[in-house]
Amino acid sequence: MGIASESPAKFLKNLRAARPYYRDFFLPAGVFLLLMIVFSVISFAQFLFILFLLIFTIIYILSRLGEKRLKDTGVISDLIYNIRNNKYQSADEIKLPPELIEIEGEIKTLFLRTQNDIENLKKLEQIRTEFLGNVSHELRTPIFAIQGYLETLLSGAINDRNVNRSFLVKANIHTQNLNNLLNDLIDISMIESGQMRLSFRYFPLAEFLENLVSEYQMGAQKKNLNLVLKEIRPNLQVFGDQTRIRQAIGNLIQNAIKYTEKGEVEIYVSEENKLCRIFVKDTGIGIPEKDLTRVFERFYRVDKDRSRAVGGTGLGLAIVKHIVEAHGSKVIVESKWGGGSTFSFTLKK
């Protein structure tokens, strides 16, 4: 197709599209002609003829380049439009001409990343919706219980010595459960938003665990359970945030005591090269195999009714998981239904 066969508007449009190439063509041509004049290689008439021929050739080439550029940008623009309007189901549907194969690869990578981001956003939205629903339900349970006891007392039961103290004790228990839930929600919020700051330092593990176990000894004794701490090398030091590790192991011990009716809860340590693994083992009800992968989810309970009866918030193991992962480790759980559970994680020595 020649210049004469094109409409003036299309021809000018092609030239405008070729503007990035002007300097690459006109500058060398101008230098070439200037050198020929300076060294008197050609006459003035020859110069004019060559100049006309050169300009015509350059304009023609630029017109073709502009046309090609408009075609390529049009194809890419259509592709982006289709991606933006979700017209592709997979990256294999994205096709560009062979000369744009590198751009095709980059667009496919961007498409896959965008698809992955969209999927993650959908999952986060689902998690957020479930989380809000769970929080509403968990808050409603103790609030309604407290409200019921107080209304009963205000209706006249406060003067009945047979029930007034019992109702107040039960209302107080639900108040404590509500406070525990709110504290756990604050912890989860801080951890997941990155606002929880950890202070890493070495501390003596034996003394640390002895103090921690003594805090829960009374709770174990109330259920006639043995809370046992096996011997630990006296000078063993571990690296971590002592406050948060106390919270994590404390949650594991509390869970072990809650879900163990007879036997014992045992805390022990094994050393693995540069790591130290801490175990919390119980002889409790255990966890079914199908639930092992979900026990660290927020508000997930193996036995929902029993969990609420013993005052669990459903956030304890989720908090343990986050704290341990912040220390570069992972919580491992070994359990079977009716056969007890063992939770463990490592810290650097």
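The structure is a predicted model in which local features require pLDDT of at least 70 and side-chain atom pairs count only at pLDDT 80 or more, whereas totals for chains, interfaces and linings use all residues. Residues are numbered from 1 along each chain as its sequence is written, and side-chain values use heavy atoms, with hydrogens and water left out. The protein chain averages a pLDDT (the predictor's confidence in each residue, from 0 to 100) of 80, and 82% of the residues score at least 70. Over residues 305–309 pLDDT stays under 50, and the model has 10 contacts (heavy atoms within 4.5 Å) for them beyond four places in sequence.

Helices here are DSSP runs (H or I, at least four residues) numbered from the N terminus, and axes are lines fitted to C-alpha atoms over the stretch in contact, with angles running from 0 to 180 degrees between N-to-C directions.

A salt bridge (a side-chain nitrogen of Lys or Arg within 4 Å of a carboxyl oxygen of Asp or Glu) is formed by Glu 215 with Arg 246, the closest N and O atoms being 2.7 Å apart. Because Glu 215 lies in helix α6 and Arg 246 in helix α7, the pair ties together parts that are 31 residues apart in sequence.

Methods:
Helix = DSSP H or I, 4+ residues; strand = E, 2+ residues; numbered from the N terminus.
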